[in-house]
Amino acid sequence: MKTIFKFALTTVLLLALSCTQESVTDGTTEDLTATSAKGKKHAVPIKNSLESDPRTDLPPLTCTPSDFPPAGGRAVFYSTTSHLGKVHGTTINTSCTYNTDGTLTITSDDTTYAANGDILKTEGEITITFPTDPNDPIATITGGSNIVPGGTGRFVNATGRFDYHDMVVNLLTGHESHTSTGWIIY
């Protein structure tokens, strides 16, 4: 009985001494903040599989020569994207330049609406290589987009990068498809 009493008394004393104000503030915890307690933000992988179609409700983008695909290359898109779920969005071309090698480089501002309503902003740049066969309407595209601050919700200060893969556009219909991989910090 005495042994049980001594054990119980020792346990109570240990608990009491370990929970004093002094023992909590003696460590190096004075530099902890809510942000650092959650951990630092770090890049995480992001990927998608995307389809887009031209918008016919917008005036064409002025580009010399102006025979670029329907509706000046402005498009609506839809995809499933990691961290966002099923999404839709718009691409508004901001510039286009015909290069001396016959390719076309286009820059754009893109707005992606996540499944929960959050908005992700990107700035893209692609280069279109036109088919050499006049009977082939499929052009290949290379490029990517930078994820930039300006979104909403958890993406308000997001940064990162998408690199496009297997990107093609049908020059007759304007339909485009590709996959993307990259990273995001949010």
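Q: What does contact mean here?
A: Two residues are in contact when heavy atoms of theirs lie within 4.5 Å.

Q: Which residues is D118 in contact with, leaving aside its neighbours within four places in sequence?
A: In this predicted model, D118 touches T112, Y113, T152, G153, R154 and F155 by that criterion. D118 itself belongs to the loop between β4 (104-113) and β5 (119-129).

Q: Why is D118 called buried?
A: Buried means under 20% relative accessible area. D118 has 13% relative accessibility and therefore counts as buried.

Q: What makes the approach of D118 to R154 a polar contact?
A: The cut-off for such a pair of N or O atoms is 3.5 Å. A polar atom of the D118 side chain lies 3.4 Å from the backbone nitrogen of R154, so the distance falls within that limit.

Q: How many aromatic pairs does a search of the whole structure find?
A: The search finds 1 aromatic pair. F155 and Y186 form this pair, with 5.1 Å centre to centre and 55° between the planes.

Q: Why is the pair of F155 and Y186 called tilted?
A: Ring centres must lie within 6.5 Å to pair, and here they are 5.1 Å apart. Planes under 30 degrees apart count as stacked and those over 60 as edge-to-face, while the rest are tilted. The angle of 55° lies between these limits, so the pair is tilted.

Q: Why does the pair tie together separate parts of the chain?
A: F155 lies in the loop between β6 and β7, whereas Y186 lies in the segment after β8, so the pair joins parts that are 31 residues apart in sequence.

Q: How many bridges link β1 to strand β2?
A: Strand β2 (residues 75-81) pairs with β1 over 7 bridges, again in the antiparallel sense. S52 stands opposite F77 of β2.

Q: What do the 8 strands form?
A: They form a closed barrel that runs β1-β2-β3-β4-β5-β6-β7-β8 with antiparallel pairing. Neighbouring strands of this sheet are turned by 25° against each other on average, direction ignored. Within the chain as a whole, there are 3 helices and 8 strands, in the order α-α-α-β-β-β-β-β-β-β-β from the N terminus.

Q: What is stated about the phi angles of H83 and D166?
A: H83 has a positive phi of about 75° and D166 one of about 50°, although neither is a glycine. H83 lies in the loop between β2 and β3 (85-98), while D166 is found in strand β7.

Q: Why is D166 called exposed?
A: Exposed means over 50% relative accessible area. D166 reaches 68% and is therefore exposed. H83, at 28%, counts as partly exposed.

How values were computed. Residues numbered from 1 in each chain as written. Predicted model: local features only at pLDDT ≥ 70, side-chain atom pairs only at ≥ 80, totals over all residues. Heavy atoms only, no water. Pairing = 2+ DSSP bridges. Helix = DSSP H or I, 4+ residues; strand = E, 2+ residues; numbered from the N terminus. Buried < 20%, exposed > 50% of the residue type's maximum accessible area, 1.4 Å probe, protein only. Polar contact = N/O pair within 3.5 Å; in protein donor to acceptor, adjacent residues only side chain to side chain. Axes fitted to C-alpha atoms, helices over the stretch in contact; angles between N-to-C directions. Phe/Tyr/Trp six-rings, centres within 6.5 Å; stacked < 30°, edge-to-face > 60°.
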